[in-house]
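Please work through the exercises below with the sequence and the model displayed. Each task is followed by a solution in steps.

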Amino acid sequence: MRYFYHLVRKYPFSCLVALVIWILSLYPITDISLPNIKFADKWTHIVMYLGFCLVIWAEYLWKHQKTNWRKTMTWAWFAPVLMGGVLELLQAYCTGGHRSGEWLDFVANATGCTLALLIGILAAKCLSKG
């Protein structure tokens with residue numbers, strides 16, 4: 001419990017985004033009307049997890065000027081991907097049929113995290129040269 005308190009105090013924006021994703025992912029939805037865009041729900045997952053990873057990195061780097069880039073990027077990618085997988089399993093098995101966990105949603109989550117990783121790598125290279 002003490003560790004979670006530490007995380008919330010040190011990284012409030014990242015924790016807030018994570019909380020919003022948990023709520024949106026587990027809230028029982030009866031009917032969703034999506035725009036007539038192909039794979040609109042998958043694009044939503046990609047953008048949501050891309051933004052989540054970028055918030056994690058921005059907040060972490062803002063607080064830690066000197067950092068181990070490889071470790072930071074690995075955890076900032078792995079933790080949201082793991083969270084996305086857990087949420088998909090919870091949707092499939094713990095929402096009483098109100099939500100469905102889908103492998104393609106998990107792939108979309110990981111894709112968003114991977115895009116943020118690529119952006120993070122480019123930013124790290126630019127910042128290390130400056």
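**Overall architecture**

The protein chain has five helices and zero strands, where helices (H or I, at least four residues) and strands (E, at least two) are DSSP runs numbered from the N terminus. The model is predicted: local features need pLDDT of at least 70 and side-chain atom pairs count only at pLDDT 80 or more, while totals for chains, interfaces and linings use all residues. Residues are numbered from 1 along each chain as its sequence is written, and side-chain values use heavy atoms, with hydrogens and water left out. Along the sequence the pattern reads α-α-α-α-α.

**Exercise 1.** Determine how helix 4 and helix 5 are oriented to each other.

Step 1. The axes of helix 4 (residues 69-94) and helix 5 (residues 103-129) come within 9 Å and cross at roughly 165°. Axes are lines fitted to C-alpha atoms, for helices over the stretch in contact, and angles run from 0 to 180 degrees between N-to-C directions.

Step 2. Helix 4 and helix 5 are therefore roughly antiparallel (angles over 145 degrees; under 35 is roughly parallel, 65 to 115 roughly perpendicular, and the rest oblique).

Step 3. Residues of helix 4 that meet helix 5 include W69, M73 and W77, and their partners in helix 5 include D105, F106 and N109; contact means heavy atoms within 4.5 Å.

Step 4. The residues of this contact of helix 4 with helix 5 comprise 12 nonpolar, five polar and two charged. Ala, Val, Leu, Ile, Met, Phe, Trp, Tyr, Cys and Pro count as nonpolar, Asp, Glu, Lys and Arg as charged, and the others, Gly among them, as polar.

**Exercise 2.** Determine how helix 3 and helix 5 are oriented to each other.

Step 1. The axes of helix 3 and helix 5 come within 7 Å and cross at roughly 40°.

Step 2. Helix 3 and helix 5 are therefore oblique to each other.

Step 3. Among the contacting residues are H45, Y49 and W57 of helix 3 and A108, G112 and L115 of helix 5.

Step 4. This contact of helix 3 with helix 5 has 13 nonpolar, five polar and three charged residues.

**Exercise 3.** Which helix gives the most to the lining of the largest pocket?

Step 1. The largest pocket has a volume of about 840 Å³.

Step 2. Of the 25 residues lining the largest pocket, Y3, L7, I56, W75 and A79 are the closest to its centre. On a 1 Å grid over the protein atoms alone, a pocket is an open set of points where a 1.4 Å probe fits, with protein on both sides within 12 Å along at least five of seven lines, and lining residues have an atom within 4 Å of a point. Grid points are joined across faces, edges and corners, and a volume is the space filled by probe spheres set on the points.

Step 3. Helix 4 gives the most to this lining, with 10 residues.
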